[in-house]
Amino acid sequence: MEYYGVMTPSEMELEIGDAIAWRNYKPQGTYVLVSDDNLFENQEMSSKDVYFYTFTEKGTYTFSVTDIPEMTLEVTVK
């Protein structure tokens with residue numbers, strides 16, 4: 001996650017068994033990472049926190065940050 005209100009990249013393709021990591025680069029304050037498909041509970045992430053998730057099923061999944069609608073990520077798992 002980037003400090004300027006975007007997730008970089010905003011789209012990605014992965015294989016089953018691949019993992020992804022989100023890191024909060026915001027120097028202060030927190031973000032709340034949300035799996036719009038309920039893959040995990042909302043993750044409150046302070047500065048420099050990292051959250052990992054491993055994909056176990058094919059599909060297209062969307063992730064967002066609470067209160068910042070432009071911070072989204074779409075992951076396609078093949």
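The model is a predicted one, in which local features need pLDDT of at least 70 and side-chain atom pairs count only at pLDDT 80 or more, while totals for chains, interfaces and linings use all residues. Residues are numbered from 1 along each chain as its sequence is written, and side-chain values use heavy atoms, with hydrogens and water left out.

Back to Arg23: this residue belongs to strand β2, residues 19-23. Strands here are DSSP runs of E with at least two residues, numbered from the N terminus. Val50 is 27 residues away from Arg23 along the chain, yet their C-alpha atoms are separated by 4.4 Å.

Now for the sheet. Five strands line up as β1-β7-β6-β3-β4 in an open sheet with mixed pairing, where two strands pair if DSSP finds at least two bridges between them. At the edges sit β1 and β4, each of which pairs on one side only. Direction ignored, neighbouring strands of this sheet are turned by 25° against each other on average; the axes behind that angle are lines fitted to C-alpha atoms, and angles run from 0 to 180 degrees between N-to-C directions.

The parallel part of the pairing includes β1 (residues 11-14) with β7 (residues 68-77), which share four bridges. Met12, for one, has Val75 of β7 as its bridge partner. On the antiparallel side, β6 (residues 59-65) is joined to β7 by seven bridges. Along that pairing, Thr60 faces Thr76 in β7, and Thr62 stands opposite Glu74 in β7. The hairpin made by β6 and β7 leaves two residues between the strands, and Asp67 there takes a positive phi near 70°.

As for packing, the largest nonpolar core holds 19 residues, and those with the most contacts inside it are Trp22, Leu33, Phe55, Phe63 and Val75. Such a core is a set of buried Ala, Val, Leu, Ile, Met, Phe, Trp, Tyr and Cys residues joined through side-chain atoms within 4.5 Å. At least two residues of this core come from each of β2, β3, β5 (50-54), β6 and β7. The largest share, five residues, is supplied by β7.

Phe40 is found in the loop between β3 (30-35) and β4 (43-46). Phe40 counts as buried because its relative accessible area is 11%. Setting aside neighbours within four places in sequence, Phe40 is in contact (heavy atoms within 4.5 Å) with Trp22, Leu33, Val34, Ser35, Tyr51, Tyr53 and Phe63.

Lys78 counts as partly exposed because its relative accessibility is 46%, whereas Glu13 is exposed, with a relative accessible area of 56%.

Methods. Buried means under 20% relative accessible area, exposed over 50%, partly exposed in between (1.4 Å probe, protein chains only).
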